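User: I have a structure to go through and I'm new to it. Can you walk me through a few parts?
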2 protein chains.
Amino acid sequence: MAGNTSVPGATVASRLLALLRAFDGNHHRLTLTELARRAELPVPTAHRLIAELVAGGALDRDDGGYRLGRLLWEVGLHAQIHGRLRRIAEPYLYDAYAATMATVHLAVRDGDQALYLLAVRGPASTPVVSSVGSRLPLHATGVGKVLLAHSPDALRERLAAGLIRVTAHTITHAPVLAAQLERIRCDGMATTAEEMTLGACSLAVPVFRASDGSVAAAIGVVVGTLRHDRQRMLAALHTAACGVGRRL
Amino acid sequence: MAGNTSVPGATVASRLLALLRAFDGNHHRLTLTELARRAELPVPTAHRLIAELVAGGALDRDDGGYRLGRLLWEVGLHAQIHGRLRRIAEPYLYDAYAATMATVHLAVRDGDQALYLLAVRGPASTPVVSSVGSRLPLHATGVGKVLLAHSPDALRERLAAGLIRVTAHTITHAPVLAAQLERIRCDGMATTAEEMTLGACSLAVPVFRASDGSVAAAIGVVVGTLRHDRQRMLAALHTAACGVGRRL
């Protein structure tokens with residue numbers, strides 16, 4: 001955008017958002033220098049804007065560095081990204097966790113990735129790479145396979161051309177994946193075996209909207225092995241998916 | 001601050017934050033006029049800044065109005081308000097829910113209120129007024145009484161002078177509350193009976209830091225009645241509180 005000086009608000013807003021974007025799951029605390037570099041701002045500019053964000057409660061000073069502040073936590077709680085779906089699904093996921101004690105996820109398709117909206121895991125649940133807000137490849141996760149199986153043909157064809165390998169077990173051969181997706185549509189469930197993370201298997205089911213039968217989301221569990229308790233986990237997932245779908 | 005025109009960033013930052021603050025639990029979607037009014041900005045100024053926030057992903061247009069956008073959801077996920085405590089406590093709260101099927105809360109003292117950091121509730125749990133981010137009076141909630149019992153004397157004395165009545169059952173007589181808090185310190189648990197919400201009772205325990213024995217938080221359940229299952233709920237709460245405290 002040309003003419004920065006004539007539209008000061010325009011550039012200030014984008015610079016402020018760049019400062020907020022500098023924080024992520026691996027960067028909870030940043031120094032002034034790090035913030036300026038990650039936001040691509042001159043240090044004096046960053047310094048001035050950071051002072052404003054601190055004054056407004058958007059950032060907190062922390063031992064010579066900065067953290068995202070309370071205002072952004074509170075604003076984030078009200079950011080309605082799939083808010084209705086999350087609010088409806090949350091209690092059903094807790095019940096699915098109570099029935100399985102496994103990590104339970106709710107995910108939706110976000111372009112060509114699975115976006116994790118909720119994650120419930122206990123002290124003894126299998127460790128996973130995903131957390132709320134994560135995006136993972138559709139073809140390598142249980143919830144992702146469910147979502148991909150119910151995606152438009154065009155997306156499946158496009159993705160088939162470049163199935164990235166995450167582990168040695170990831171399915172990267174397009175015809176094998178196509179056959180699996182076909183079976184997933186028939187069976188109403190998807191599984192993965194160490195395709196995203198070594199030592200982790202998953203089982204997932206679709207959430208059908210009661211109104212039109214379309215797939216709104218997927219609910220899945222991640223466990224160390226699918227050899228035990230599969231029927232019990234599937235029952236818990238179906239109970240949750242029905243409960244959510246009926247209310248959508 | 002005088003001299004707005006000489007420090008455009010200063011006022012723009014505070015105006016942008018005022019726009020974000022305009023959203024809350026009861027205002028998920030706002031029109032331009034509503035946004036301008038709640039942020040106390042002239043409509044043309046609000047319009048220009050909103051356009052910038054939309055361009056940056058901080059707001060989404062929605063059918064003639066605006067909602068908080070994905071960027072703020074993601075930023076909010078990384079806002080570390082008691083982040084370590086929340087991350088450590090989350091799985092233990094899920095287990096406490098699995099053991100009780102009651103609404104389970106984690107709260108800390110925030111000045112003279114209880115701030116709710118986590119809330120786990122199932123489809124059949126007793127309805128409650130609190131949600132994550134809520135602040136409730138210390139003397140009217142189970143987690144609040146635990147936190148108040150372990151607060152500095154000065155705070156207890158100050159609050160005793162003005163105990164607000166929430167329901168007909170709220171304890172507003174200072175000596176009665178003082179005796180309860182004394183017993184809570186002895187027993188290691190607090191109860192409430194319809195003192196915050198009619199039809200809801202609560203049971204809460206402190207989370208002691210293993211390092212120095214100070215109280216870091218409180219974990220509580222909300223149920224319709226405490227006449228049944230009290231020992232089982234207390235055992236679940238103690239298990240969770242010990243698990244969290246050991247890791248702090």
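Analyst: A definition to start with: two strands pair if DSSP finds at least two bridges between them. Note also that this is a predicted model.

User: Which strands pair in the antiparallel sense over seven bridges?
Analyst: Strand β3 (residues 103-110) of chain A and β4(A) do. Within that pairing, A:V104 has A:V120 in β4(A) as its bridge partner.

User: What about the hairpin of β3(A) and β4(A), how many residues are between the strands?
Analyst: Two residues, and A:G111 takes a positive phi near 65° in this hairpin.

User: And what does β4(A) pair with over three bridges?
Analyst: Strand β5 (residues 135-137) of chain A, in the antiparallel sense. There, A:L115 has A:R135 in β5(A) as its bridge partner.

User: How many residues of β4(A) are buried?
Analyst: Seven of the eight residues of strand β4 (residues 113-120) of chain A are buried, so the strand is largely enclosed by the rest of the structure.

User: Switching to the helices. At what angle do α5(A) and α5(B) pack?
Analyst: Helix α5 (residues 83-100) of chain A packs against helix α5 (residues 83-100) of chain B at about 80°, with axes 9 Å apart. That makes α5(A) roughly perpendicular to α5(B).

User: Which residues meet there?
Analyst: From α5(A), A:Y94, A:D95, A:Y97 and A:A98; from α5(B), B:Y94, B:D95, B:Y97 and B:A98. By class, the contact has six nonpolar, no polar and two charged residues.

User: Where does pLDDT stay under 50 in chain A?
Analyst: Over residues 1-10. Where pLDDT is low, the predicted coordinates should not be read in detail. The mean pLDDT of chain A is 92.

User: What ipTM does the predictor give the complex?
Analyst: An ipTM of 0.83, along with a pTM of 0.85.

How values were computed
Residues numbered from 1 in each chain as written. Chains lettered and ligands numbered in written order. Predicted model: local features only at pLDDT ≥ 70, side-chain atom pairs only at ≥ 80, totals over all residues. Heavy atoms only, no water. Axes fitted to C-alpha atoms, helices over the stretch in contact; angles between N-to-C directions. Helix = DSSP H or I, 4+ residues; strand = E, 2+ residues; numbered from the N terminus. Parallel < 35°, antiparallel > 145°, perpendicular 65-115°, else oblique. Contact = heavy atoms within 4.5 Å. Nonpolar A, V, L, I, M, F, W, Y, C, P; charged D, E, K, R; others polar. pLDDT = per-residue confidence, 0-100. Buried < 20%, exposed > 50% of the residue type's maximum accessible area, 1.4 Å probe, protein only.
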